[in-house]
Number of protein chains: 2
Amino acid sequence: MTPKTQLAELTEGVINSDHRRIGRAISLLENSQSDDAHMLLSELWPHTGRATTLGITGPPGAGKSTLTSALITHLREQDKTVGVIAVDPSSPVSKGALLGDRIRMADHYTDPDVFIRSMSSRGHLGGTSEAAFLGMSVLDAAGKDVVIVETVGVGQSEVEVRSMVDTVAVVLQPESGDSVQMLKSGIMEIPDVLCLNKSDRLEAEKTRRALKIFLNAEPEPTPIYVETKSLDNLEIQELWAAVQEHRQSLGKEGLHKLRRSNLAEQMSNMVASFLLPAIIETFTDGDEELVELVETRNIDPLTVVDEVIKAR
Amino acid sequence: MTPKTQLAELTEGVINSDHRRIGRAISLLENSQSDDAHMLLSELWPHTGRATTLGITGPPGAGKSTLTSALITHLREQDKTVGVIAVDPSSPVSKGALLGDRIRMADHYTDPDVFIRSMSSRGHLGGTSEAAFLGMSVLDAAGKDVVIVETVGVGQSEVEVRSMVDTVAVVLQPESGDSVQMLKSGIMEIPDVLCLNKSDRLEAEKTRRALKIFLNAEPEPTPIYVETKSLDNLEIQELWAAVQEHRQSLGKEGLHKLRRSNLAEQMSNMVASFLLPAIIETFTDGDEELVELVETRNIDPLTVVDEVIKAR
């Protein structure tokens, strides 16, 4: 365990927005079940809750990193400090492409008022959702005005962005046929802000129409619809305006209610995921025989599940 | 609770492949935490384990239902009996489209040797994955030779098909740009069989090339690649041949090992999901004050999580 003086130094560093210390704190919290993580969070937590938090999600290729990068520039022009947690799928195959996306953010890496952290979507003890949420808390404690989490969002993915942020923005691009259908079918997260990126492309009209149909069928409050354009003249201010519109629509009490509900969900998931390793162990290291008895049809799975729960 | 005689009747009905009773049994097991479900499964489980199980998954619009329907016809020509669990996302918006897909299967509804059951992907106490797995067990106990689960597969979705079946087939269609990228990035399930449907379309070449690149980068054993065509001359036998090739590659001991590992995963998830409602209750009905203390920054989330786990 880290000695108390080191912990105090780390806490102080984060609160003073020392980027090296912020990085170390996020790494420490990636293993959310360690004692160090617990001690650090208890120090940092009183300093959180001030940031505006935003989740940017959508299918691969929609332009999430480009938008995030432009949003950082837009926010910096307003003298706002920014923190970003960018969750990558961690397959080695895709690393090249994804690092390429990250390069678009490179302009901001030298800005002392912007902190960007890439996080793999695999290999977290306790799940990516937890690691990203705790990472955002570090950036919040460090006093960043706006904290963004960017994730590849498809389906009820491992990374549930909904319970991490005040506002969820889903970004699509023209011809995202599958994606629009996923939205319609409820497989993809229903956003607070729905952004059609690259909307100046010729083929955007079809997607625009499909999204309008989706929005008309949604119950109130319907997502706020916004369009951004390709590369040089993104009109990123539209996206930020939509985020602010959503926050205002919540009202002060609405925001608190949302945050309480998000925290309850985060904590429920943490309890379940902290318990899971011990459960899996029951069936593997603990008692392979039990699984064999089920496979040989000597005992049924629900009876085993009951017994395991009772034996806890 | 259902009286014992009714349970005996239900069990007998399922084993004799009485379709009305099969339907009732699947409904009963959709609420996997009920006493009835437990009693029924303990009766049925000894009769399971004989079916060849297959998961068909892929993005919306790839043609999964068309392929499933053609596969049923192909299997019936070989005198094999078939059971299907088709998992639908349950958003009311999409119901029309999805029912449309189902209609393609309608030819088989009157066949006494084919049982097809649609299942909503929401609103199951204990999760869709459990309900689908238990539904497949009913069809297995009923003596269906081949049991298929068809799901909309995107991302590490709620419905993890991997641990339900012997063979996972992912179906894509030409121009599934997002989908191919999801496969590459490891977001989408890595299949045993990768099927490019509608491969006779002009635009198929680009997707074919992208899939070949993906397959070349995969570690051994690489997915078996297969193509099917549009509508009238699907060449469905190719898909079935690939499924059989995968089974043969496993070998007898390999299949048992896979099934034990799948059962361990199913049971671990059941234990976790049986525990979850009580956990959520801790934070909502149980003690909203606890969440409020976290939101007002009087106590940090990990400390609360620890306390909840200790108090269990």
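This is a predicted model: local features need pLDDT of at least 70, side-chain atom pairs count only at pLDDT 80 or more; totals for chains, interfaces and linings use all residues.
**Group meeting: sheet and helix packing**

Okay, let's start in chain A, where strand β2 (residues 82–88) and β3(A) run parallel and are joined by 7 bridges. Residues are numbered from 1 along each chain as its sequence is written, chains are lettered from A and ligands numbered from 1 in the order in which they are written, and side-chain values use heavy atoms, leaving out hydrogens and water.

Back to the sheet. It's open, with 7 strands of chain A in the order β3-β2-β4-β1-β5-β6-β7 and parallel pairing; to pair, two strands need at least two DSSP bridges between them. At the edges sit β3 (114–120) and β7 (224–227) of chain A, each pairing on one side only. From one strand to the next, the twist averages 20°.

Which strands does α2(A) touch on the sheet? Those are β2 and β3 of chain A, and the helix direction makes about 25° with that of β3(A). Contact here means heavy atoms within 4.5 Å. Helix α6 (residues 128–141) of chain A lies across β1 (52–58), β2, β3 and β4 (146–152), at about 165° to β2(A).

Now α2 (residues 19–30) against α3 (residues 35–44), still in chain A: the angle is about 125°, with the axes 8 Å apart. So α2(A) and α3(A) are oblique to each other, given that under 35 degrees is roughly parallel, over 145 roughly antiparallel, 65 to 115 roughly perpendicular and the rest oblique. A:Ala25, A:Leu28 and A:Leu29 of α2(A) meet A:Asp36, A:Ala37, A:Leu40 and A:Leu41 of α3(A). That contact has 6 nonpolar, no polar and 1 charged residues.

Over in chain B, α2 (residues 19–30) and α6 (residues 128–141) have axes that come within 9 Å and cross at roughly 150°, which makes α2(B) roughly antiparallel to α6(B). Their contact divides into 8 nonpolar, 1 polar and 1 charged.

Last, aromatics: the whole structure has 2 aromatic pairs over all chains. A:Trp45 and A:Phe133 form a tilted one, 6.3 Å centre to centre with 55° between the planes. For the cut-offs, ring centres lie within 6.5 Å, and planes under 30 degrees apart are stacked, over 60 edge-to-face and the rest tilted. A:Trp45 is in the loop between α3 and β1 of chain A and A:Phe133 in helix α6 of chain A, so the pair ties together parts 88 residues apart in sequence.

Notes
Axes are lines fitted to C-alpha atoms, for helices over the stretch in contact, and angles run from 0 to 180 degrees between N-to-C directions. Helices (H or I, at least four residues) and strands (E, at least two) are DSSP runs, numbered from the N terminus. Ala, Val, Leu, Ile, Met, Phe, Trp, Tyr, Cys and Pro count as nonpolar, Asp, Glu, Lys and Arg as charged, and the others, Gly among them, as polar. Rings of Phe, Tyr and Trp (its six-membered ring) pair if their centres lie within 6.5 Å; planes under 30 degrees apart count as stacked, over 60 as edge-to-face and the rest as tilted.
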